[in-house]
Amino acid sequence: MSKIDLISNDWTNLVFAGRNQAYGAYRLRRGTSKRNVLSIIFVVVVAALAFAFMAIKTIVDENARKVAQTQVAELSALDQPKKKAEVKQKKIEFKEPEKVVERVKSSVKFTAPVIKKDEEVKPEEEMKTQDQLMSNKAAIGSFDVKGNDDAGGEILKAKELIAQPEPPKVEAENKVFTIVEQMPQFPGGDAALMDYLRSNVHYPTVAAENGVQGRVVVGFVVERDGSITDVQVIRSVDPSLDREASRVVKSMPRWNPGKQNGSAVRVKYQVPVTFRLQ
């Protein structure tokens with residue numbers, strides 16, 4: 001018996017050789033191979049899905065079993081009575097610092113010889129005679145002191161208090177000088193100041209239309225940090241020119257401050273601002 005091939009359609013041609021192939025049985029037999037292949041694929045797919053389903057189900061059941069065991073363990077742990085934490089208090093002992101007793105040697109006050117009337121001399125100020133000093137084992141010091149260690153003690157000495165310098169007064173810090181050792185200066189000098197004023201002054205339109213011109217003198221204070229404050233018009237020409245001159249002075253950069261005795265101080269200064277029609 002020859003080998004049967006379920007996929008090949010050669011056997012169909014042999015069976016229907018010399019017959020009417022337009023008959024429906026021939027076409028049905030010709031599609032048998034395709035149906036066999038589809039059946040095999042279907043069976044394989046169904047088997048794979050079944051295997052996958054069983055594997056997934058096994059994993060899910062195993063995870064559910066582990067979760068259940070974990071929950072049971074947690075519940076059993078909750079049911080057990082909690083142990084109370086024992087806090088042992090450590091007794092802290094405070095030791096008082098040892099007092100250091102200064103050893104002082106007995107001494108007799110030395111009285112410098114001064115010529116006074118007898119009634120003006122106090123008993124404690126009377127000079128000790130040589131015999132009294134020799135008979136007394138105490139040392140000579142600045143005071144009459146009864147010590148506690150004549151062998152190794154020290155003689156008390158008078159402490160001289162040195163007067164501390166008074167802190168600078170606020171009035172001195174806020175004082176405004178007119179003339180100082182080193183006058184304040186615009187960065188770059190007077191030439192740079194004039195260039196700055198010429199470059200930044202804008203001639204007021206009203207003053208230009210009315211032909212108003214002149215020199216406005218503006219006074220101000222150069223602070224210790226070089227900033228400009230207290231701007232005032234010292235000599236006025238016209239309100240519009242005064243306002244423009246004050247504006248330019250206020251907009252100036254920081255100056256190099258004036259100095260007195262090497263320290264920066266507040267200094268009054270004046271600047272002329274000239275308005276001239278071309």
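Start by selecting Arg-266 and Glu-223, whose side chains are joined by a polar contact of 2.8 Å; a polar contact here is a pair of N or O atoms within 3.5 Å, where within protein one must be able to donate a hydrogen and the other to accept it, and where residues adjacent in sequence count only if both atoms are side-chain atoms. The model on your screen is predicted, so local features need pLDDT of at least 70 and side-chain atom pairs count only at pLDDT 80 or more, while totals for chains, interfaces and linings use all residues. Residues are numbered from 1 along each chain as its sequence is written, and side-chain values use heavy atoms, with hydrogens and water left out.

Arg-266 belongs to strand β7, which covers residues 263-275; helices (H or I, at least four residues) and strands (E, at least two) are DSSP runs numbered from the N terminus. Is Arg-266 buried or exposed? Arg-266 counts as buried because its relative accessibility is 18%, given that buried means under 20% relative accessible area, exposed over 50%, and partly exposed in between (1.4 Å probe, protein chains only). Beyond its neighbours within four places in sequence, Arg-266 is in contact (heavy atoms within 4.5 Å) with residues including Glu-173, Lys-175, Phe-177 and Val-221.

Next, select Ala-208 in helix α7, residues 205-209, where a relative accessibility of 35% makes Ala-208 partly exposed. Once residues up to four places away in sequence are set aside, Ala-208 touches Tyr-203 and Leu-277. Show Leu-277 as well: Ala-208 and Leu-277 are 69 residues apart in sequence, yet 7.2 Å separates them in space, C-alpha to C-alpha.

Then move to helix α3, residues 32-79, and pick out Val-45, which is partly exposed with a relative accessible area of 42%. Accessible areas come from the Shrake-Rupley method with a 1.4 Å probe, and for residues only the protein chains shown count as cover.

Finally, select the whole protein chain, which has eight helices and seven strands. Of its 278 residues, 20% are buried, and the chain exposes about 23200 Å², of which carbon and sulfur atoms supply 56%. Among contacts between residues at least 6 apart in sequence, 72% join residues at least 24 apart.
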